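Subject: Structure handover

Hello,

Here is the structure I promised to pass on. Please open it first, then read the notes below.

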Amino acid sequence: MENGNPLIRLEGIQKIFFTEEMETHALEDIHLDIREGEFAEVMGPSGCGKSTLLSLIGLLDTPTEGSYWLDGEPVSGLTASERARVRNKHIGFIFQAFNLIGDLTVFENVELPLIYGGVEASSRKEKAIRALERVDMSHRMDHYPSQLSGGQRQRVAAARAVVGDPLILLADEPTGNLDSTNGEAVMNLLRGLHAEGSTILMVTHDPRYSAYAERTIHLFDGHITDEEEKQVEVEVELAQVSG
Amino acid sequence: MAMDGFINDVKFGVRMLIKSPVLSLIAIVAFSLGIGLTTTVFSIVNGAMYKGLPFDEADRIVSVWRNNPERDIDRGGVTLYDYVEYRDQNSSLESFGLWGGGAVNLVGADDKPERYQGARVTANMFDILRVAPVLGRGFLPQEEEPGADPVMILGYEVWQEKFDGSPDVIGMAVRTNGETRTIVGVAPEGFKFPIEADMWTPIEVNPLEHDRADGPQFPGFGRLKPGVSVDRASADLATIGMRLEQEYPESNEGFAPIVEPFTKFVIGDDLHALLFTMLGAAIGVLLIGCANVANLLFARAAVREKEVAVRSAIGANRKQIIRQLLIEVGVLSAIGGAIGVLIGIGGVAWFNRAISTDPPPFWMSFDLDGRVMMFVIAISGLAAVAAGLFPALRATGKGLNEALNDEGRGSSSGLRMGRVTSAIVIGEVAISCGLLIAAGLMIKSVAQVSNVDMPFGIESIFTARLNLPETDYPDADARTDFYREFLQRLQGTPGIEAATLSDGLPARGNGLRTIELEGGEYPTEQDYPRAREGIVTPGYFATFQAPVLDGRAFEFADTKDNLPVALVNRSFVREYFEDGVGLGKRFRIHQGEDVYDWMIVVGVVPDMKMEGIGNNGESPAGYYVAVDQFAEILGNTVSVGARTTGDPGAMATRVRETLATMDPNLPVYDAMSMQQVIDQATMFYRVFGTLFVAFGLAALFLAAVGLYGVMSFSVSQRRREMGIRMALGAEEGRLIRLAMRRGLTQLAIGSVLGIALAALATRPLQVILYEVDARDPVIFGGVVLILAMVGVLASYIPARRVSQIHPAEALQAG
């Protein structure tokens with residue numbers, strides 16, 4: 001896999017949380033490029049700003065200062081509605097807590113981003129089924145999340161993340177709520193998606209899964225302290241994810 | 001795509017409804033009650049005020065009256081002189097006519113006399129209204145001229161019932177009020193202009209028959225020219241009126257014509273205010289329902305904030321999420337609306353049954369027509385927005401990051417329920433308090449009406465009315481002879497213990513008359529006292545079992561050849577005779593100079609509700625004079641009262657037979673028992689009172705449910721805090737007080753606002769309150785007490801529940 005131009009570029013990003021009595025500097029002077037097709041991970045201790053960084057990149061939050069380009073377009077000054085549209089079209093999320101909607105079936109959960117994106121019903125069905133097939137969950141599409149195991153829920157979450165063919169997948173501690181077997185399976189799934197061409201940025205504090213990423217960005221007290229590039233052997237084992 | 005998304009949102013809304021059955025049920029009940037009551041009232045308002053006349057371009061049909069504020073004349077009739085002037089000189093009316101009421105005794109081919117509501121109209125009635133007879137023709141212009149052949153037009157219903165719908169009715173001669181008339185046409189089905197007429201005869205437009213100041217007066221009606229407003233027509237006729245006032249001051253001074261939409265005279269200002277107060281009360285119930293639902297949704301929003309955040313994270317914009325949340329409420333309000341329609345159908349059916357004894361004008365019908373259904377759809381939608389928008393805005397207002405990273409069980413840490421729900425609860429309590437006070441006043445009024453202590457006998461009394469046509473009974477002597485003879489025959493009829501004829505029945509309200517007391521000094525006209533007058537035959541007080549308190553009752557010897565005598569009631573004595581003695585005192589009717597002779601008081605009788613039922617604050621002081629001595633005033637219509645030994649309902653036939661022995665052309669009409677007369681007189685209070693009672697009960701129920709729901713949720717959010725306090729050693733009583741404090745504060749503020757609201761809003765209810773002050777302190781105090789009890793209970797139950805959980809459990813509840 002050849003890494004190309006920066007898909008994401010952050011320049012001088014700062015994030016300060018203001019409360020009544022104090023201000024907390026969550027991120028300071030962040031400069032970061034994520035290249036298209038790259039599988040990068042952000043590592044650091046709890047409270048170092050990993051999730052905040054992912055939220056800013058995922059347009060779930062806005063920086064206090066600094067500039068952000070996504071696929072060459074400046075996105076730090078977008079309105080809430082414009083950010084929602086960019087999230088829908090270009091960003092897929094995988095959360096630690098899965099964040100599936102319990103009152104929707106597996107199929108409906110995966111279909112939901114397409115509905116918000118204005119995709120026609122017939123096309124939606126086809127795309128959602130294809131996404132579920134990619135994570136080997138098409139046989140459970142009429143089930144509700146509560147009827148699935150943790151690993152299965154995360155695979156459904158992955159299907160929902162990729163259904164709209166986003167530019168980048170953002171995974172926030174995707175194995176945090178899983179046992180080691182399922183955790184490994186989910187990581188294999190991400191590796192498979194990466195092998196198929198997805199750009200992935202993952203936040204984790206678990207060094208066991210560090211080997212899956214090509215680049216590790218170390219974060220400490222809101223600052224990027226180190227970056228390291230690695231050689232990774234890609235094995236596509238999508239169907240090996242256990243239930 | 002929009003429709004596709006909408007269907008998905010509806011599907012999800014239905015799923016959420018099933019998932020939270022208790023919330024859904026409460027919301028549906030709240031919406032149903034609110035929408036149902038509002039629909040019922042709007043159907044009544046729609047029928048009474050918005051349907052209008054069922055004629056072509058009916059908004060151009062107007063009434064024309066004459067006012068004279070100096071003489072206290074509001075909506076007076078137009079004289080024939082003025083009619084001709086207005087008709088010929090105005091530039092704003094396309095056509096102009098007159099109408100007058102008048103009962104008709106009709107004897108058809110079957111020789112059976114029957115009584116109908118008739119109307120006298122100018123010959124152009126059908127042209128003005130743009131209505132064509134279904135059979136025969138309308139009136140010809142020459143048929144309103146003096147000496148024209150007497151003709152009439154039948155109503156469709158009479159034609160069907162009395163003449164079997166036969167086309168041969170055209171040209172048939174019938175006797176009406178003692179006069180032979182030829183039927184020339186049949187009006188279309190349902191046509192009962194001007195109010196409830198069954199047949200029509202032409203008014204004889206012959207001004208010269210009387211002086212300008214005298215002669216009959218009729219309400220006017222006409223059709224505005226295209227593009228002419230009511231105001232412009234008013235100004236146009238006012239100009240003519242001013243000229244007439246200058247030219248003929250003796251007859252026209254102080255009179256000014258007014259033009260208004262035709263149907264307006266039926267709904268006076270009081271009723272207008274009442275109808276809208278009722279609609280306001282019903283909307284109040286709906287608002288309470290919406291407040292309940294809003295509070296429930298706030299509670300649900302707290303547990304759904306993560307779902308909302310997920311939707312947002314995957315690309316839903318705020319508008320899409322708000323739409324989806326609103327559609328969920330919309331599903332609930334749609335179901336509530338559907339049930340509300342059923343409640344409305346039931347409510348309107350009840351209303352129609354309740355008023356059936358006194359039907360409204362022909363153009364009023366109370367049903368759920370297209371306009372009402374549009375209203376239901378609109379208020380269901382508005383209710384959904386009112387209940388759902390704010391919770392939806394709050395639910396989508398939280399930071400995404402915070403919601404998504406919340407590992408918990410959907411806690412509401414970020415959702416500040418405080419001020420908003422407090423405001424909703426305070427508003428809910430205030431509206432409930434206002435409605436309950438209105439309902440309390442009504443309950444008291446209905447109770448007073450139901451238990452009204454009539455100071456006369458009601459049991460076993462038969463009543464009816466009788467009209468003597470002027471053609472057969474042209475003068476007072478003829479009528480007096482007839483009354484005397486008929487009364488004696490009635491008193492001899494088997495099954496009748498006592499009988500009387502009078503100008504009206506007790507409790508139906510006697511007219512006011514200006515009088516002059518002997519020895520009294522009255523510098524101006526306004527200084528003359530006014531009292532209520534009853535014109536009765538001997539046997540009146542015996543029939544109604546009202547004992548003569550002092551002196552004697554009327555006797556057959558009290559004729560016009562003897563000294564004029566009068567009976568006065570207790571209030572009359574109290575009001576006009578300082579020494580408290582009525583017997584022997586003299587007074588007379590004051591009308592011009594010495595028109596009436598002095599009458600001597602020969603008896604004192606009890607107060608028999610001469611002021612009528614419900615005339616709050618009106619003086620009951622009145623007097624009675626003998627029919628034989630005042631037949632000129634009595635006119636040709638009398639009420640019959642007879643105390644019977646058996647069922648009064650079975651007496652109509654015998655009275656008819658007795659009457660037929662004297663004049664087979666005379667019908668007996670309005671036959672009913674005295675109890676029915678009282679029921680009819682109190683119908684207005686009972687019907688509207690019952691509606692307000694329904695509003696009050698619905699408001700109380702919803703307020704109680706709402707307070708309980710909010711308190712329940714509020715304390716459940718404080719479980720952890722309670723656990724900490726318990727762990728620190730707080731006693732149960734202290735925790736309960738702490739949990740209840742907020743609810744009780746809201747209750748107190750809401751009650752104060754509610755009292756202020758009620759003090760402002762209950763004034764228009766005075767017209768339907770029977771001997772109850774619209775600011776009755778007992779009701780105000782009682783309602784606050786009831787609301788306080790309900791509020792304390794609604795706060796106490798959840799407060800106690802949360803104070804009894806185990807500290808460890810509460811602390812885990814985070």
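Before the strands, one term: two strands pair if DSSP finds at least two bridges between them. With that in hand, take β4(A), where A:E65 is the bridge partner of A:Q14. Please keep in mind that this is a predicted model.

**The sheet in chain A**

Stay with those strands for a moment. β1(A) and β4(A), which covers residues 65-70, pair in the antiparallel sense over five bridges. Along β4(A), A:S67 stands opposite A:E11. β1 (residues 6-18) of chain A also runs antiparallel to β2 (residues 23-35) of chain A, and nine bridges join the two. There, A:R9 has A:D33 in β2(A) as its bridge partner. In general, strands of a sheet pair through backbone hydrogen bonds, either parallel or antiparallel.

Put together, the strands form an open sheet of four in chain A, with the order β2-β1-β4-β5 and antiparallel pairing. Which strands stand at the edges? They are β2 and β5 (73-74) of chain A. Each has a single partner strand, so one side of each is left without a neighbour in the sheet.

**A buried helix in chain A**

Next, look at α3(A). Of its 11 residues, 11 are buried, so the helix is largely enclosed by the rest of the structure. Among them are A:V106, A:F107, A:L112 and A:Y116. The buried set also includes A:E108, A:N109 and A:E111. Just after α3(A), A:G118 takes a positive phi of about 80 degrees.

**Where the chains touch**

The contact takes 25 residues from chain A and 24 residues from chain B. On the side of chain A that touches chain B, the elements giving two or more residues are α1 (50-57), α2 (80-90) and α3 (106-116). The largest share of that side comes from α2(A), with six residues. By type, the residues on this side of chain A divide into 12 nonpolar, seven polar and six charged. For the model, the scores are ipTM 0.78 and pTM 0.76.

**Chain B as a whole**

Chain B has 814 residues, of which 47% count as buried. Its secondary structure comes to 22 helices and 24 strands. The C-alpha atoms of chain B fill a box of roughly 105 × 65 × 55 Å along the principal axes. Take the contacts in chain B between residues at least 6 apart in sequence: 84% of these join residues at least 24 apart.

The domain assignment gives chain B a domain 1 (58-265) and a domain 2 (473-662). The centres of domain 1 and domain 2 of chain B, taken over C-alpha atoms, are separated by 33 Å.

**Confidence**

Chain B averages a pLDDT of 86, and 96% of the residues score at least 70. Please take care with residues 407-416 of chain B, where pLDDT stays under 50. For that stretch the model has 19 contacts beyond four places in sequence. Where pLDDT is low, the predicted coordinates should not be read in detail.

**The cores**

The largest nonpolar core has 189 residues. Those that touch the most other members are A:A159, B:V285, B:V293, B:A438, B:F695 and B:A699. Helix α8 (residues 269-313) of chain B gives this core its largest share, 22 residues. Leaving out residues up to four places away in sequence, B:A699 touches B:G284, B:V285, B:I288, B:S432, B:L435 and B:L436. A second, separate core of 64 residues includes B:L487, B:L501, B:V573 and B:M651.

**Backbone points to check**

Most residues other than glycine have a negative phi, and most peptide bonds are trans.

- A:F98 is not a glycine, but its phi is positive, near 65 degrees. A:F98 lies in the loop between β6 (91-94) and α3 of chain A. Is A:F98 buried or exposed? A:F98 is buried, with 22 other C-beta atoms within 10 Å.
- B:D670 also has a positive phi, of about 55 degrees, and is not a glycine. B:D670 sits in strand β24 (residues 668-673) of chain B. B:D670 is partly exposed, with 16 other C-beta atoms within 10 Å.
- The peptide bond from B:F193 to B:P194 is cis, with omega near 5 degrees. B:P194 is in the loop between β9 (179-186) and β10 (199-202) of chain B.

Best wishes

Definitions and conventions. Residues are numbered from 1 along each chain as its sequence is written. Chains are lettered from A and ligands numbered from 1 in the order in which they are written. This is a predicted model: local features need pLDDT of at least 70, side-chain atom pairs count only at pLDDT 80 or more; totals for chains, interfaces and linings use all residues. A residue is buried if 20 or more other C-beta atoms lie within 10 Å of its own, exposed if 12 or fewer, and partly exposed in between; C-beta atoms are placed from the backbone. Two residues are in contact if their C-beta atoms, placed from the backbone, lie within 7 Å. Domain bounds come from an automatic or database domain assignment. Ala, Val, Leu, Ile, Met, Phe, Trp, Tyr, Cys and Pro count as nonpolar, Asp, Glu, Lys and Arg as charged, and the others, Gly among them, as polar. pLDDT is the predictor's confidence in each residue, from 0 to 100. A nonpolar core is a set of buried Ala, Val, Leu, Ile, Met, Phe, Trp, Tyr and Cys residues joined through C-beta atoms within 7 Å.
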